[in-house]
Amino acid sequence: MHMTASRILVAAILLAFAVSAPQSAAGRDAILVVDGQNFHIETLGDSGPTIVFEAGLGNDTSTWKSVAGPIAAFARVVLYDRPGLGQSVPMIKTGSAVTADQVASNLRKLLAAAGIGPPYIMVGHSLGGLYVQMFAKTYPREVSGVALLESASPEAPSELKTRAVLTPGSAAYLEEEGMAESNKQVTNAGPFPDVPLAVIAATDHGPFFKDWEPTLMRLQRQLAALSPRSTLIVAEGSGHDVQIDRPATVIDAIRNLASASNARP
C-alpha cells in the first residue's frame, strides 16, 4: 500500500506534534477509595514541587482549568474533588456538616493512597483557602508553601457568605453548614507554619458586596500576616474567582512559591 505525498506530509506533522506535545497536557485520573468514599484525583506534570489545589465552596477540579496546565509545566499539579463534588460521588456521609478537620484529614489520606508524598505547596480558593489553612496548621512539616486565593477567613463576619441557594443535603450545603465549626477549628489549630505565603485579593466582588470591600481587603491583609514570609497580591478589577479572572496572576504567584520551595536546603 502506497501513501501519497500529501498523506506522508500529514503523517509526519502528526508524528512531530505527538513527540513535541507536553505530556503533562493530559492529566492522569483515578478514583481512589478512602474510608469508603470515592475520591477523584488528577495529576499533571512530572517534575518540580508538588502543588495541591483545594477548590472553593461547591466547586470541583474544573475551577482550575485556566491555571493547571501552565503550572504543570514547572510543577507537579494535584487536583481532586471533595465528596459529593465532581466525580467524587456518591457522597456517603450526608447526615452531618462538613468541617475543616475532616477535609484536611481526608486530603492527607488521599495523597497517601495516591502515593504522593510531602512536601506540598497548598493552594486554596475561597472556602478551600480555609481548608488549606487547617491542613497547614495540622501538618506543618508537610507544607513548603501556601497560596490563598480570595480565601475565607475565620475572622469573617457571618454576613459574608454565599448568596447562592444551596440544595439541602448537597455537598455545598453541608460545607456551608460546617463553616462556623470550621472557623473555630482553624482558629484553635495552632500556629501557621513559617513558610512562604502568597495571598491574592480581588477588588470587585459585585454590587451586593460593594460596601463590604474595605472589610474584605482587611481580612486578606490579616491572612497575609499569618507568615513572616508573605506577599499580598492585589488583583485589581478581578472578581472573587481570581483563578478564572486573573489566571496569569495566580500562575506567577505559584511559580514564585515553587522557586522558593526549590531554593530550600
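Guide: A contact means that heavy atoms lie within 4.5 Å. Among contacts in this chain between residues at least 6 apart in sequence, 75% join residues at least 24 apart. This is a predicted model, in which local features need pLDDT of at least 70, side-chain atom pairs count only at pLDDT 80 or more, and totals for chains, interfaces and linings use all residues. Residues are numbered from 1 along each chain as its sequence is written, and side-chain values use heavy atoms, with hydrogens and water left out.

Visitor: How many helices and strands has the chain?

Guide: Helices (H or I, at least four residues) and strands (E, at least two) are DSSP runs, numbered from the N terminus. The chain has nine helices and eight strands.

Visitor: Why is H4 described as largely enclosed by the rest of the structure?

Guide: Buried means under 20% relative accessible area, exposed over 50%, and partly exposed in between, with a 1.4 Å probe and protein chains only. Eleven of the twelve residues of H4 are buried, so H4 is largely enclosed. Among them are Leu130, Tyr131 and Phe135. Of the 265 residues of the chain, 47% count as buried.

Visitor: Where does Asp204 lie, and which residues does Asp204 touch, not counting residues up to four places away in sequence?

Guide: Asp204 belongs to the loop between strand E7 (197–202) and helix H7 (213–224). With that exclusion, Asp204 touches Glu213, Gly237, Ser238, Gly239 and His240. Asp204 and Ser238 stand 34 residues apart in sequence, yet 5.7 Å apart in space, C-alpha to C-alpha.

Visitor: Is Asp204 buried or partly exposed?

Guide: Asp204 counts as partly exposed because its relative accessibility is 43%.
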